[in-house]
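Please keep the sequence and the structure in view while reading.

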Amino acid sequence: MFISVFTPTYNRRDTLERLYESLKEQTFKDFQWVIVDDGSTDDTKEYLEKIKEENILNITYISKENGGKMRAINEGVALSKGEFFFIVDSDDYLTLDALEKIYKKGKNLPRELGGLVFRKINISTGKITGKRFKEEIVSTPLDIFYNLKIDGDKSEVIRTSIMREFPFEVFQGEKFLPEGYIWNRIGEKYKLLYVDEGIYYYEYLESGYTNSFKKLMRNNPRGFNIYYKYMLKQRIPLLNRVKFIIRYLESCFYILKGGKK
């Protein structure tokens, strides 16, 4: 199997159907859909059991106690059978040729490269977010963002074997660790192929991670602490370094305030 599409979900029954429809219509069919239900309390379970019975897609589905996206990703990697691992959140969906584009670029990807990175499309505007770069680039997440100044949300497709090499660290009592920590660590060992094509429609819901940063920091100080400590060891611009020093100190404060968990 070539691709494992992985979806962590928590109380997203209302948006899962949109993602399911986009997967059913994919022009490339050799993929597995791995779903980890992270303790949903809506009718997610009933919906997933229903679509699994339809037997249209190759679905691997488990339900677990709520433990956060990072634990869910680790579970998803363990369940994945595809050569490449592609995270698609439950409130997002794909262009109908997304997996075909991944296949065409990935089938001849040099073994020394760790994966592919495509662009995301804002659902509200219909436009790719961030600076365009047109030609394909072999680079790393840190170089792309800080040196080439190519910002905007991106869609990582990483070799599954490499995802197993770099599992998300988890901390007792915490449910979040910035994904950039893992992508940057992977980039230290493996360069990635950046493709300036949008394949992934996204939006940020009010209840999503991006809209609750301060609360995330308070509730997951160790996860943020390890991320900012890592980033302060990298060669990044001074302004970013100052911001990360402040956030690192904030995470230290919340760790001390909360005590050991």
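## A nonpolar surface patch

In this predicted model, a nonpolar patch on the surface is formed by L238, V242 and I246. Together these residues have about 290 Å² of accessible area.

V242 belongs to helix α10, which covers residues 238-258. With a relative accessible area of 40%, V242 is partly exposed. In an α-helix there are 3.6 residues a turn, so residues three or four places apart point the same way.

## The buried face of helix α3

Helix α3 spans residues 69-79, and its buried residues are K69, M70, A72, I73, G76 and V77. Seen down the axis of α3, these buried residues fall within an arc of 155 degrees, so they line one face of the helix.

The elements that cover the buried residues of α3 include the strands β1 (3-9), β2 (31-37) and β4 (84-87). Helices α6 (160-165) and α7 (179-189) are also among them.

S22 lies in helix α1, residues 13-24. Its relative accessibility is 5%, and S22 therefore counts as buried, the cut-off being under 20%. Apart from neighbours within four places in sequence, S22 is in contact with Y93, L94 and L96.

## The annotated domain

An unreviewed UniProt entry carries the annotation "domain: Glycosyltransferase 2-like" for residues 4-133. In the model, this span is 33% helix and 27% strand. The C-alpha atoms at the ends of residues 4-133 lie 27 Å apart.

Note on methods
Residues are numbered from 1 along each chain as its sequence is written. This is a predicted model: local features need pLDDT of at least 70, side-chain atom pairs count only at pLDDT 80 or more; totals for chains, interfaces and linings use all residues. Side-chain values use heavy atoms; hydrogens and water are left out. UniProt positions are given in the numbering used here, feature names are shortened, and annotations may be inferred rather than shown by experiment. Helices (H or I, at least four residues) and strands (E, at least two) are DSSP runs, numbered from the N terminus. Patches are made of residues with over 30% relative accessible area and no salt bridge: like charges are joined within 9 Å, nonpolar side chains (Val, Leu, Ile, Met, Phe, Trp, Tyr) within 5 Å. Accessible areas come from the Shrake-Rupley method with a 1.4 Å probe; for residues, only the protein chains shown count as cover. A salt bridge is a side-chain nitrogen of Lys or Arg within 4 Å of a carboxyl oxygen of Asp or Glu. Buried means under 20% relative accessible area, exposed over 50%, partly exposed in between (1.4 Å probe, protein chains only). Contact means heavy atoms within 4.5 Å. The arc is that of the directions from the helix axis to the C-beta atoms.
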